[in-house]
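Here is a short note on one model. Please read it with the structure open.

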Amino acid sequence: MQKRAGLLFLTPKTGRILLVLEDSKWTVPTFKREDDLLTDATPLVQRYYGKPARILPIELYLSEDKGFEYGTYVCIVGEEFLTQESETISWANLDHLPKQLHSGLKSTLSNSIIRSKIDTIIALQED
């Protein structure tokens, strides 16, 4: 089974997520799942953010034939940052996302349950 994951770098102060432009579609940084979440995600977090951050699971998608699994995780960062890991990045408001989103990301962020989880994370960080 192929296992992949996407990381929503989220800044609760602004409520914005980091998007990267790949093949004319905006998406989030992704990584291959081989071991456990923290082990797999740590190199990507280090490359983009440069320091440890809190990671929370949001969604797990399993294809009907069970040949593909995709997890979506939120990586909470204290402030928006710039990175040279990707050539084109953007911090985007969850309510004003670009039209040319990757179809999987668009589906994920359009899901009311997932959005509720993200909104809860933002609200809890504000306290």
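1. Arg33 and Asp40 form a salt bridge, with the closest N and O atoms 3.0 Å apart. Arg33 is buried, at a relative accessible area of 16%. Asp40 is buried too, at 11%. Keep in mind that this is a predicted model.

2. How many salt bridges does the structure hold? The count is 5. Arg33 with Asp40 is one of them.

3. Arg16 forms a salt bridge with Glu80. Their closest N and O atoms are 2.8 Å apart. This pair links distant parts of the chain, 64 residues apart. Arg16 sits in strand E2 (residues 16–22). Glu80 sits in the loop between strand E6 (68–76) and strand E7 (89–93). Arg16 has 28% relative accessibility and counts as partly exposed. Glu80 has 28% and also counts as partly exposed.

4. Arg115 and Asp95 meet in a salt bridge through their side chains, 3.0 Å from N to O. Arg115 lies in helix H3 (residues 112–126) and Asp95 in the loop between E7 and H2, so the pair ties together parts 20 residues apart in sequence. Asp95 counts as exposed, at 57% relative accessibility.

5. Which residues of helix H2 (residues 103–110) are buried? They are Leu105, Thr108 and Leu109. These residues lie on the same side of H2, because they cover an arc of only 90° around the axis. Residues three or four places apart point the same way in an α-helix, because it has 3.6 residues a turn. The face turned away from the buried side of H2 carries the exposed residues Ser103 and Ser110.

Definitions and conventions
Residues numbered from 1 in each chain as written. Predicted model: local features only at pLDDT ≥ 70, side-chain atom pairs only at ≥ 80, totals over all residues. Heavy atoms only, no water. Buried < 20%, exposed > 50% of the residue type's maximum accessible area, 1.4 Å probe, protein only. Helix = DSSP H or I, 4+ residues; strand = E, 2+ residues; numbered from the N terminus. Arc of directions from axis to C-beta. Salt bridge = Lys/Arg side-chain N within 4 Å of Asp/Glu carboxyl O.
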